[in-house]
Amino acid sequence: MSNRCLGFTELRDVNAVWRSVLDLGVRYIWRKGHCIESHGELLFLDKGQVRLTHFTLDGAEKILWYINQGCLFGETPLFDPMAEDRDSMHICAMDCVVYAFSKDRVEHLSRTRPDLTLNLLHSMARKLRTLSNQASSLYVDDVLVRTCKFLAQRLLPDSDPLTADPGISRQEMASLLGVHRITLYKVLRQQEEQGLFGPFERHAVTILRPEEFFRLVNS
């Protein structure tokens, strides 16, 4: 698949090696909808899902990505402590268990566990690539192509017929893909009528014409 489809991927278990030092972090349990404030700590998502959201001047929400269990987040305010950024925030998309590592603890681990530092650098590079590919896709791809690239990251293994699990509502999907939900609805409805997709459900979308689908994904 084209690298640009990675702009709509979800991050999962890219920092699983950090589970070996969770006893050095502070454990928090946050409910769905909780807005996670930055206190200059590196955060590890042990359970649940978090979304990174940017708010426009008129209050509209633009979802940038979803982070799943086994991933670090909060690197930017930890390593680049500029003035507090109220335009972007991490929000619990479901109930979450999170471990927080202070800056002093992270610096200590960088000396005693260099493998953790290399893993952190790897995940930061992955996030940079994800944002770069997302920006590229938002700039050059139409809504249908973006939709196909989103679904391509969520295909169910060995499904026959080919099926994807969006895992989020159409409103959340529209935010991630950078379009109004009505625009996305019209595109999905049109493609259902033309036979590319089956009925669009939250957890199951059938791809009825796989060859055309993958041609759009790789365009």
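User: The expected span of a helix is 1.5 Å times one less than its number of residues; how many residues does helix α3 (residues 114–140) have, and how far does it reach from its first C-alpha to its last?

Analyst: Helix α3 has 27 residues, and from its first C-alpha to its last it reaches 39 Å, close to the 39 Å expected at 1.5 Å a residue. Helices here are DSSP runs of H or I with at least four residues, and strands are runs of E with at least two, numbered from the N terminus. This is a predicted model, where local features need pLDDT of at least 70 and side-chain atom pairs count only at pLDDT 80 or more, while totals for chains, interfaces and linings use all residues. Residues are numbered from 1 along each chain as its sequence is written, and side-chain values use heavy atoms, leaving out hydrogens and water.

User: Let's pick Q134: what is it in contact with, leaving aside its neighbours within four places in sequence?

Analyst: Q134, which is found in helix α3, counts as buried at 3% relative accessibility. With contact taken as heavy atoms within 4.5 Å, and with neighbours within four places in sequence left aside, Q134 touches G7, F8, K62, I63, L64 and L176.

User: How far apart are Q134 and L177, in sequence and in space?

Analyst: Q134 and L177 are 43 residues apart in sequence, and their C-alpha atoms are 8.6 Å apart in space. For another pair, R111 and L128 are 17 residues apart in sequence and 25 Å apart in space, again from C-alpha to C-alpha. R111 has its place in helix α2 (residues 103–112), and with 62% relative accessibility R111 counts as exposed.

User: Is α5 mostly covered or mostly open?

Analyst: Helix α5 is mostly covered, since six of its eight residues are buried, namely E172, M173, A174, S175, L176 and L177.

User: What covers those buried residues of α5?

Analyst: The cover includes strands β4 (49–55) and β5 (61–68) together with helices α3, α4 (143–152) and α6. After α5 comes G178, and the phi of G178 is positive, near 75°.

User: New topic: how many aromatic pairs does a search of the whole structure find?

Analyst: The search finds three aromatic pairs, where rings of Phe, Tyr and Trp (its six-membered ring) pair if their centres lie within 6.5 Å, and planes under 30 degrees apart count as stacked, over 60 as edge-to-face and the rest as tilted. One of the pairs joins W18 and F101, whose ring centres are 5.5 Å apart and whose planes stand at 70°, so this pair is edge-to-face.

User: Which parts does the pair of W18 and F101 tie together?

Analyst: W18 lies in the segment before β1 (26–30) and F101 in strand β8 (residues 96–101), so the pair ties together parts that are 83 residues apart in sequence. Both W18 and F101 are buried.

User: And why does the pair of Y28 and W30 count as stacked?

Analyst: The rings of Y28 and W30 have their planes at 15° and their centres 5.1 Å apart, so the pair is stacked. Y28 is partly exposed, with a relative accessible area of 30%, whereas W30, at 15% relative accessibility, counts as buried.

How values were computed. Buried means under 20% relative accessible area, exposed over 50%, partly exposed in between (1.4 Å probe, protein chains only). The expected span of a helix is 1.5 Å times one less than its number of residues.
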